[in-house]
Amino acid sequence: MNTSENIQALGQQAFKNHLKYLSSGRIEEWVDLFTEDGVLEFPYAPEGTGFPSNVIGKKALFDYMKNFPEHFKVEFENLHFHATAEPTLVIAEFTSNGQAISTGKPYLQKYISVVTTTPEGKIARYVDFWNPLTAFEALNAPLDKFLTATAE
């Protein structure tokens with residue numbers, strides 16, 4: 001039987017693996033951290049840009065993230081877990097230190113993540129609080145299109 005401490009440790013390890021797999025481009029292993037119907041949510045997804053507000057299920061997660069290693073070289077740093085009363089809830093703050101591969105521009109991001117895991121340590125729901133503008137700027141994405149779409 002899993003204790004609360006064990007369940008919490010499994011969830012935090014899944015989160016650490018999430019960062020390790022993304023930074024090393026191991027997308028298939030990253031997807032395997034999720035439940036079959038796992039959800040990745042982006043509360044700050046800019047409307048009108050084609051950026052999704054959520055991605056659901058392993059196939060969709062793979063399709064969404066498979067090109068990440070082609071766009072960014074990144075290390076995740078300064079990981080801090082916040083204490084929670086619920087052992088399947090992981091709240092983490094961290095930063096990225098990297099660059100957009102196509103432009104060479106820096107990709108420096110601050111994140112807050114709220115993750116719900118199963119008692120076995122699989123990610124069921126990952127809510128990703130980050131600033132999409134930082135990624136757009138690093139990739140030289142057309143910010144004027146973004147600003148026009150959100151102003152309407």
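Thr-84 is placed in the loop between β3 and β4. In this predicted model, Thr-84 has a relative accessible area of 19%, and residues under 20% count as buried, so Thr-84 is buried. The side chain of Thr-84 has polar contacts with the backbone. A polar atom of this side chain lies 2.9 Å from the backbone oxygen of Glu-86, and the side chain of Thr-84 also reaches the backbone oxygen of Leu-89, at 3.0 Å. When neighbours within four places in sequence are left aside, Thr-84 is in contact with Gln-8, Leu-89 and Ile-91.

Thr-95 has a relative accessibility of 19% and counts as buried. The side chain of Thr-95 is joined to that of Asn-78 by a polar contact of 2.8 Å. Residues up to four places away in sequence not being counted, Thr-95 touches Glu-75, Phe-76, Glu-77 and Asn-78, as well as Gln-109, Lys-110 and Tyr-111.

Asn-78, the partner of Thr-95 in this polar contact, is found in strand β3, which spans residues 72–82. With a relative accessible area of 57%, Asn-78 is exposed, whereas Thr-95 counts as buried. The phi angle of Asn-78 is near 55°, a positive value in a residue other than glycine.

Asn-2 lies in the segment before α1. Asn-2 and Asn-78 are 76 residues apart in sequence, and their C-alpha atoms are 28 Å apart in space. The relative accessible area of Asn-2 is 31%, which makes Asn-2 partly exposed. Among residues beyond four places away in sequence, Asn-2 touches Ile-7, Leu-10 and Pro-119. Lys-20 lies in helix α1 and, at 41% relative accessibility, counts as partly exposed. The C-alpha atoms of Lys-20 and Trp-30 are separated by 8.6 Å, and these residues are 10 places apart along the chain.

Aromatic pairs were then considered. A search of the whole structure finds 12 of them. Phe-42 counts as buried, at 5% relative accessibility, while Tyr-64 counts as partly exposed, at 28%.

Phe-94 and Tyr-111 form a stacked aromatic pair, with 4.5 Å from centre to centre and 10° between the planes. Phe-94 is in strand β4 (residues 89–100) and Tyr-111 is in strand β5 (residues 106–117), so this pair ties together parts that are 17 residues apart in sequence. Phe-94 has a relative accessibility of 4% and counts as buried. Tyr-111 also counts as buried, at 8%. Phe-94 and Tyr-111 belong to one aromatic cluster that also holds Phe-15, Phe-76, Phe-81 and Tyr-126.

In helix α3, the buried residues are Lys-58, Leu-61 and Met-65. Seen down the axis of α3, these buried residues fall within an arc of 60° and therefore line one face of the helix. An α-helix has 3.6 residues a turn, so residues three or four places apart point the same way. The buried residues of α3 pack against the helices α1 (4–23), α2 (27–31) and α4 (68–71), and against the strands β1 and β2.

The largest pocket has a volume of about 680 Å³. It is lined by 30 residues, of which Phe-51, Tyr-64, Phe-72, Trp-130 and Ala-135 are the closest to its centre. At least two lining residues are supplied by each of α1, α3, α4, β3, β5, β6 (123–129), α5 (132–138) and α6 (143–151). The largest share of the lining, 3 residues, comes from α1.

Notes:
Residues numbered from 1 in each chain as written. Predicted model: local features only at pLDDT ≥ 70, side-chain atom pairs only at ≥ 80, totals over all residues. Heavy atoms only, no water. Phe/Tyr/Trp six-rings, centres within 6.5 Å; stacked < 30°, edge-to-face > 60°. Buried < 20%, exposed > 50% of the residue type's maximum accessible area, 1.4 Å probe, protein only. Helix = DSSP H or I, 4+ residues; strand = E, 2+ residues; numbered from the N terminus. Polar contact = N/O pair within 3.5 Å; in protein donor to acceptor, adjacent residues only side chain to side chain. Contact = heavy atoms within 4.5 Å. Arc of directions from axis to C-beta. 1 Å grid on protein atoms, 1.4 Å probe; cavity = no way out; pocket = protein on both sides within 12 Å on 5 of 7 lines; lining within 4 Å. Points joined across faces, edges and corners; volume = space filled by probe spheres on them.
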